[in-house]
Amino acid sequence: MGILEKISEIEKEISRTQKNKATEYHLGLLKAKLAKYRAQLLEPSKSAGAKGEGFDVMKSGDARVALIGFPSVGKSTFLSLMTSTESEAASYEFTTLTCIPGVIEYKGANIQLLDLPGIIEGAAQGKGRGRQVIAVARTADVVIMMLDATKGDVQRELLEKELESVGIRLNRTKPNIYFKPKKGGGLSYNSTVPLTQCSEKLVQLILHEYKIFNAEVLFREDCTPDEFIDVIVGNRVYMPCLYVYNKVDQISIEEVDRLAHRPHSVVISCGMKLNLDYLLETLWEYLALICIYTKKRGERPDFNDAIIMRRGASVEHVCHSIHRTLASQFKYALVWVSKTKLSQTSSPLTISHCFSYGASGSDLCAFIKYKKKKFPRLNSLLCFLGV
């Protein structure tokens, strides 16, 4: 029996088994076996063969966004509208056969947008070169799932299932579980919160399935057996996903309103160019990017050339982005924070204080001062302005 047959048998067994107290250990063991077989399925084949053309392209710009979806949902049209790259679009399926990159220029940032070939049901098992498509999606900062609004929720459920089976967790955070294998000493099991879904016996059974008999396990939140398996495997990718419903001009206004109010969802129409501006604003929020502008002495800030950083970046991160030796020559900074007790302060803060302040992208202004002799071309002040 091959791996695909084993996976199919386990999935059927899970669907047949009722969920109650008596079957929770059996279900946990089945889920551990299922995750193990899926991991084996994703491993590259060791047999020598002709190497095909890969889909991955060199990462460039300030962020990477992967555009995935079923064939003929408007991915190529969306790429052509948002970037200067022309992607072939036609009325038949599988028009795009390889990865086509484009660049979205927004608020001074260059966002790389990847138009991936359409995937089909069973892509996680390799159908339609689905593995290559999903492998590229794992390297993105945000996934845009392009959906056909006329098909309802069928496409969304199928795509979520395919991405879930290959270890991509959409709009979820990593479980707060401390796990560390040991060489001896048995299993050390503790929790800081009451657990309602995982018991010590269930944790032990799951670990034994992975041939782990000595480990430290600490639950800091009430997690499910699936989340604990994800921590054991360790190769899961947690990323934000934006569900974009295209072709809303072909459905009723009531259906548009229902789709627009779903979490993490945006409705657009590429054919009529509707709601594309709002999609860009939402994508900017999901990427968690901020703009940092430079300001020369005695002059207004230069809003034409921005330094793009991630939200939560410290002043030290900005120093490294400008020059690798700037942080070691850093002297002090002046920080203005609005709507807090530090509002409109002009007293210099120490390097430890300044490096601890993160750029929030909304109201933090930080000024860095350094020696003119060391950096004659960079003799300016950095101004953090959330835009």
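Modeller: Buried means under 20% relative accessible area, exposed over 50%, and partly exposed in between (1.4 Å probe, protein chains only). This is a predicted model, in which local features need pLDDT of at least 70 and side-chain atom pairs count only at pLDDT 80 or more, while totals for chains, interfaces and linings use all residues. Residues are numbered from 1 along each chain as its sequence is written, and side-chain values use heavy atoms, leaving out hydrogens and water.

Biologist: Is C241 buried or exposed?

Modeller: C270 has a relative accessible area of 5%, so C270 is buried. For C241 the relative accessibility is 0%, and therefore C241 counts as buried.

Biologist: How many disulfides does the structure hold?

Modeller: A disulfide here is a pair of cysteine sulfur atoms within 2.5 Å. The number of disulfides in the structure is zero.

Biologist: In what order do the three strands of the open sheet stand?

Modeller: Strands (E, at least two residues) and helices (H or I, at least four) are DSSP runs numbered from the N terminus, and two strands pair if DSSP finds at least two bridges between them. The pairing in this open sheet is mixed, and the order is β6-β8-β7. Because β6 (177-181) and β7 (187-191) each have a single partner strand, one side of each lacks a neighbour in the sheet, and the edges are therefore β6 and β7.

Biologist: Which residue of β8 is the bridge partner of F179?

Modeller: β6 pairs with β8 (residues 215-219) in the antiparallel sense, over five bridges. In β8, the partner of F179 is V217.
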